[in-house]
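Here are some exercises to work through with the model open beside you. Try each task before you read its solution.

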Amino acid sequence: MPDISLTVNGATRTGSPEARKTLADFLRDDLSLTGTHLGCEHGVCGACTVILDGRAVRSCLMLAVQAAGSDVTTIEGLGPDGEMGDLQQAMWDSHSFQCGFCTPGMVMQAAAFLSAHPDADEQQIREALSGNICRCTGYQSIVDGVLLAAERIRER
Amino acid sequence: MTAIAAERYTGASIKRSEDPRILTGAGRYVDDIKLPGMLHAAFVRSPMAHARVLSVDVSAARELPGVVAAYTGAELEAMTVPGPDALMALMGWQGPTPEFTLLATDKVRFAGDPVAIVIAESRYLAEDGCELVAVDYDDLPPVVNAAFALDPASPPLFANLGNNIASPQTRHEFGDVAATFAGADRVYDFHVDVHRHQNVPMEGRACVASYDAGTGAMTVYAATQSVHVSKVAVAMRLGMEQDKVRVLAGDIGGSFGLKIGASREELAAAAASRDLGRPVKWVEDRGENLTTSGQAREESFDVRAAVSKDGGLLGLDVKMVIDTGAYPGMGAMVPSIVEAMFPGPYRMTALGFESTAAITCKATYVAYRGPWASETFVRERIIDLIAKDLGLDPFEMRLHNAAVITDPPAVMVTGRPLVGVTTKESLERIAQLVDFPAFRRRQAEGRERGVYLGIGVATFIEAAPGPREPGEPSGPMSLETMRLRLEEDGIVVLFTGQMPHGQSHQTTLAQIAADEFGVPFEQVRVVVGDSDVVPFGLTGGSRSATMTGGVALHGARQLKARVIDVASHLMEASSQDLEITDGQVFVRGDPASGIPVGEVARRAASGEFGAEVDASLEIVATFDGGEGGWSGGSHCAIVEVDAETGIVKVERYVVTEDCGALINPAVVEGQIRGGVAQGIGAVLLERSAYDEDGNCQSATFMDYLLPTACDVPRIEIEHLETVPLDADVNFRGVGEGGMIVAPPTLVNAIEDALSPFGARIYEQHLPPARILELIAEADTIV
């Protein structure tokens with residue numbers, strides 16, 4: 001009998017993680033959703049950000065058992081059928097990323113923020129992303145990607 | 001036929017072919033790999049900076065359910081080959097060579113030195129096992145800085161050296177140093193420090209080593225800048241034949257110089273895999289990354305400058321000391337590059353240079369984006385200091401001293417010709433983009449209100465690849481090799497030893513080959529990351545734009561000639577009359593004649609043309625860099641310093657950069673911005689800090705601060721593409737320049753902002769507390 005049940009990317013998933021196992025490790029190891037990356041495991045870099053019940057959370061700071069009953073979206077579930085959604089497409093168009101390691105967390109953070117603040121300006125976007133560290137880009141291309149996505153969403 | 005004229009990809013910001021996988025979570029980094037029976041490694045690390053290891057007891061760890069094995073340093077030593085740093089050995093280092101084991105045996109040499117490895121069914125269990133390992137240490141005096149390391153009384157870290165010198169003091173003179181100083185109007189003395197900071201890729205070091213006892217072959221999935229350098233290191237330290245080692249790499253989460261070859265921990269994991277006959281994964285956590293993976297810079301300079309009263313920089317005399325940390329490798333080799341580059345783009349006629357590399361109880365010095373960058377920092381810093389003392393504008397002093405394009409070109413006093421260097425042009429363009437007089441007015445108005453604005457400019461050149469020297473048979477960098485093949489489905493495959501970790505090679509090399517060969521971009525595949533398949537190569541030193549871009553161009557040209565030759569038999573036309581456009585071979589001027597290149601490949605493979613036609617559509621190309629050339633540029637920062645809090649805000653940042661012809665402008669600009677962001681971090685935030693006992697004080701992201709989206713401004717970039725030197729290949733490297741020149745640009749701006757306080761700055765790290773000290777030291781408003 002599994003100990004926890006949760007919804008991940010729209011599907012019910014169950015498991016029996018050790019009490020000490022983080023949500024990030026559960027997603028990566030038990031569910032093989034390796035898109036979620038671990039960059040610091042102490043809640044600073046944001047690479048492990050997933051959307052849980054509509055909010056961006058750091059899956060390295062949360063235990064898997066705490067996520068029981070929750071609705072989790074990871075980078076694999078952001079777009080339709082694993083394809084790129086609007087935000088990812090805009091980031092591709094904007095050459096947002098280089099090495100790609102911070103990308104899942106950055107994208108999930110931006111997705112959660114944009115859904116709540118579709119009219120955000122550049123400074124608000126920078127503040128919203130300031131808890132996610134990218135070592136490659138200097139952020140401008142990422143910010144441009146989020147701005148482009150916001151513009152396209154507003155135009156629709 | 002509609003479009004016979006090919007689209008030109010080179011020079012356009014083609015969207016990256018890497019991105020669809022990266023943006024959907026489908027990238028494959030080392031930690032994403034799961035092999036059947038895979039085990040996990042964790043290390044027991046020294047809490048002491050320097051100590052004798054009296055005993056290591058792993059027995060309790062071995063008893064823990066889930067732990068499969070635990071090895072002490074001595075046990076691992078028996079399974080491997082002790083020796084020097086593999087990269088030093090590969091580069092033919094001739095100086096002092098400390099010999100060491102993968103895990104510490106008799107003593108530990110820095111806080112974090114690995115003393116035991118525990119292998120378990122999960123990383124959680126491996127770390128549980130580490131908790132049960134008992135190590136008995138006996139303190140030794142920690143060698144915490146270069147000054148103590150160079151004191152003959154300091155206890156040697158390595159018995160086979162007898163002292164703590166990784167590279168003994170050497171002195172070289174270029175030009176007539178004594179006469180230049182004797183004839184100078186003014187002689188200045190400065191002491192300039194650069195602090196220890198580090199690469200911090202978002203993915204740390206990582207590997208999965210998998211030994212097959214049946215075949216005696218080792219496969220290592222690695223995060224590395226070169227699968228071949230990693231392969232050599234594994235073979236060397238595990239005592240294996242090189243052909244029995246295969247290194248594979250997929251996506252890599254950044255490196256910036258850190259991941260060249262295989263580290264001690266990766267080699268230890270490989271040794272454990274061989275012993276156990278099961279795959280072993282090791283992924284370093286952030287604490288390990290910050291305290292043990294490697295650190296860079298920490299160099300000090302005593303500089304004398306000979307100057308004429310009109311601001312002519314006549315010559316320099318430099319003493320450099322570098323802190324190489326505990327297991328020296330790259331750090332011992334960097335001073336020679338610093339020496340060669342010290343004159344920069346300036347016409348000085350004398351340089352004296354001496355350097356010493358010291359071994360200390362800190363994490364090992366590693367290459368970090370422009371490892372020799374301190375020459376630019378020191379030179380660009382002292383130009384501002386000298387100009388201020390002479391009452392000159394530092395910007396004008398740079399222009400006054402910069403070599404201009406002449407025929408024959410000016411030559412650096414250390415030997416290299418400054419051919420095609422556009423320092424003057426890049427500075428002048430900065431002045432056009434940034435209205436200096438308007439800024440000075442705004443600055444003056446601000447000061448009246450207690451708002452301290454400052455402006456700083458700095459300039460640099462980078463040998464990426466450097467110029468071909470007159471009469472030299474070979475180019476400035478070692479040969480680059482590429483294998484190219486036309487597949488029967490028409491795909492052009494490039495096999496390269498470049499190992500991209502953010503540089504977008506799978507896009508940029510395909511752009512070049514697609515244009516040269518005449519196929520759509522999507523019809524070119526770039527294969528990387530398999531030592532059994534790709535030629536020797538290394539991503540580093542900003543070499544790939546020229547060297548790999550060049551070999552992609554020439555290789556595609558050679559392959560195209562081969563295809564056209566085969567097609568001439570097929571189409572019964574002369575080779576001279578054939579061309580390849582949009583993936584088809586045409587008789588020139590006859591749009592109806594097109595045959596897909598895949599069809600040519602299929603017919604070639606059929607053997608129908610007989611032995612007299614060379615129908616093999618696979619070639620190996622090499623490129624020596626052609627005429628080479630310099631990268632370079634000038635940067636300008638405008639900052640605001642809050643005199644109450646010491647916080648520095650970068651208000652505007654302007655770059656004029658000359659990297660020759662651009663392959664993909666968006667990729668180039670990403671490299672520049674990323675480098676500038678790291679420079680901002682280095683000056684305002686980042687420091688690898690140690691206390692007086694040698695404890696690392698920056699082991700988390702709460703202590704080692706990285707720039708965020710709120711710290712890095714929009715960076716304005718303008719490209720200069722002024723001087724083509726080569727008939728075909730004028731792409732030049734751009735990976736390191738941003739990080740090389742941003743620190744002096746920012747520090748120059750900060751000193752300018754603090755000029756009402758009379759502050760003079762001789763260091764690179766300026767966090768808020770230090771800014772407040774500088775203001776307090778200056779004491780009175782000038």
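## Exercise 1: A helix and its cover

Task: Find the buried residues of helix α5 of chain A, then work out what covers them.

Solution. In α5(A), the buried residues are Gln140(A), Ser141(A), Ile142(A), Val143(A), Gly145(A), Val146(A), Ala149(A) and Ala150(A). Keep in mind that this is a predicted model. Burial here takes 20 or more other C-beta atoms within 10 Å of a residue's own.

α5(A) spans residues 140–155, 16 residues in total, and reaches 22 Å from its first C-alpha to its last, close to the 22 Å expected at 1.5 Å a residue. An α-helix has 3.6 residues a turn, so residues three or four places apart point the same way.

Finally, look for the cover. From chain A it includes α2 (86–93), α3 (103–116) and α4 (122–129), and from chain B it includes α19 and β26.

## Exercise 2: Two helices packing

Task: Describe how α3(A) and α5(A) pack, giving the angle and the residues that meet.

Solution. Start with the axes: they are 11 Å apart, and the helices pack at an angle of about 35°. The crossing of α3(A) past α5(A) is right-handed.

Now list the residues. α3(A) brings Met106(A), Ala110(A) and Leu114(A), which meet Ile142(A), Val146(A), Ala149(A) and Ala150(A) of α5(A). Sorted by class, this contact has seven nonpolar residues, no polar ones and no charged ones. Ile142(A), Val146(A), Ala149(A) and Ala150(A) are also among the buried residues of α5(A).

## Exercise 3: Where the chains touch

Task: Which element gives the largest share of the side of chain B that touches chain A?

Solution. First, the totals: 42 residues from chain B and 43 residues from chain A take part in the contact. On the chain B side, the elements giving two or more residues are α1 (19–23) and α19 (665–684). The largest share, six residues, comes from α19(B). By class, the chain B side divides into 20 nonpolar, twelve polar and ten charged residues.

## Exercise 4: A four-stranded sheet

Task: Trace the open sheet that holds β24 and β25 of chain B, and find the helix lying across these strands.

Solution. The strand order is β16-β24-β25-β26 in chain B, and the pairing is mixed. At the edges are β16 (452–467) and β26 (715–719), each pairing on one side only. From one strand to the next, the twist averages 15°.

As one point to check, Gly633(B) has Glu657(B) in β25(B) as its bridge partner.

The helix is α20(B) (737–753), which lies across β16, β24 and β25 and runs at about 160° to β16(B).

Key:
Residues are numbered from 1 along each chain as its sequence is written. Chains are lettered from A and ligands numbered from 1 in the order in which they are written. This is a predicted model: local features need pLDDT of at least 70, side-chain atom pairs count only at pLDDT 80 or more; totals for chains, interfaces and linings use all residues. Two strands pair if DSSP finds at least two bridges between them. Axes are lines fitted to C-alpha atoms, for helices over the stretch in contact, and angles run from 0 to 180 degrees between N-to-C directions. Two residues are in contact if their C-beta atoms, placed from the backbone, lie within 7 Å. Ala, Val, Leu, Ile, Met, Phe, Trp, Tyr, Cys and Pro count as nonpolar, Asp, Glu, Lys and Arg as charged, and the others, Gly among them, as polar. The expected span of a helix is 1.5 Å times one less than its number of residues. A residue is buried if 20 or more other C-beta atoms lie within 10 Å of its own, exposed if 12 or fewer, and partly exposed in between; C-beta atoms are placed from the backbone. A crossing is left-handed if the near helix is turned anticlockwise from the far one by less than a right angle, and right-handed if clockwise.
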